[in-house]
Amino acid sequence: NLYFCKIGRIASKKGYSISINYLKENRKQIKLLDGKDVDGMIVIGNVGKYQEIITEIQVKQIPCIAVNFSERQRSVGIPRIIYEGETAAYRAVSYLIEKGHTAIGCVASENPVICRGYQKALYENKIDFSDANLFQKDITTEEGAKELREWIGLKNTALLCEDEEKVICLYRILSEKGILVPDDISVIALKDSKYFELLEPPVTA
């Protein structure tokens, strides 16, 4: 995972090592910390689901910070870094509209936050929204990629892509169909990635 790699590199420069655990809705995961020399914790995702575990971390007095991917997730009593997905989607689509695009598609997971930002930008610019312009299937699967090939035929002039995984899959399919970026279609990503520089042309993020 790109985010874990970046966190790991920065931690290593400071003399720390990273141990990754995937939380479940029980106490078994936090017991893994017993007897270990843990200087701090970073909890990534919907931390509201793990209030009991967060509380136990606080009882153990382990420094902890949460990274949320939605500004609408409730507070859990620890410091938070918030990725404002709705704002990012709104700004990305607004940028495409400023460049003259009105037929804008969105390739994202079933994330209501991103969809809200996408729709808000269209609404404020008096551009009709259509569910047909939203693609929310898993394009890393064979079935999802097949459906994406058909969906691209909707003739959008620009596409908003959620993350690097979807951008790379999208570029491959566009290349297969002979659709050129940016001559035939523009692509913008919500999250930046070092791998975007390897694409031709590089992706705006």
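In this predicted model, strands E4 and E5 pair in parallel through two bridges. Within this pairing, Val-107 has Phe-135 of E5 as its bridge partner. On its other pairing, E4 joins E6, again in the parallel sense, over four bridges, and here Cys-106 lies opposite Leu-160 of E6. Leu-160 also has a bridge partner in E7, namely Ile-188. Strand E6, spanning residues 158-161, runs parallel to E7 and is joined to E7 by four bridges.

Taken together, these pairings give an open sheet of four strands, ordered E5-E4-E6-E7, with parallel pairing. Its edges are formed by E5 (134-135) and E7 (186-189); each has a single partner strand, so one side of each is left without a neighbour in the sheet. Helix H5, residues 112-124, packs on this sheet and touches E4 (104-107), E5 and E6. The direction of H5 makes about 175° with that of E4.

Two packed helices are described by the angle between their axes and the distance between the axes. For H6 (residues 142-151) and H7 (residues 164-176), the axes come within 10 Å and cross at roughly 55°. The two helices are therefore oblique to each other, and H6 passes H7 in a right-handed crossing. On the H6 side, the contact involves Ala-145, Leu-148 and Arg-149, which meet Leu-170, Arg-172, Ile-173 and Glu-176 of H7. By residue class, this contact comprises four nonpolar and three charged residues, with no polar ones.

Two details of the backbone in the loops complete the picture. Most residues other than glycine have a negative phi, and most peptide bonds are trans. Lys-126, in the loop between H5 and E5, is not a glycine, yet has a positive phi of about 55°. This lysine, Lys-126, is exposed, with a relative accessible area of 78%. The other detail concerns the loop between H7 and E7, where Pro-182 is found: the peptide bond from Val-181 to Pro-182 is cis, with omega near 0°.

Conventions:
Residues are numbered from 1 along each chain as its sequence is written. This is a predicted model: local features need pLDDT of at least 70, side-chain atom pairs count only at pLDDT 80 or more; totals for chains, interfaces and linings use all residues. Side-chain values use heavy atoms; hydrogens and water are left out. Axes are lines fitted to C-alpha atoms, for helices over the stretch in contact, and angles run from 0 to 180 degrees between N-to-C directions. Angles under 35 degrees count as roughly parallel, over 145 as roughly antiparallel, 65 to 115 as roughly perpendicular and the rest as oblique. A crossing is left-handed if the near helix is turned anticlockwise from the far one by less than a right angle, and right-handed if clockwise. Contact means heavy atoms within 4.5 Å. Ala, Val, Leu, Ile, Met, Phe, Trp, Tyr, Cys and Pro count as nonpolar, Asp, Glu, Lys and Arg as charged, and the others, Gly among them, as polar. Two strands pair if DSSP finds at least two bridges between them. Buried means under 20% relative accessible area, exposed over 50%, partly exposed in between (1.4 Å probe, protein chains only).
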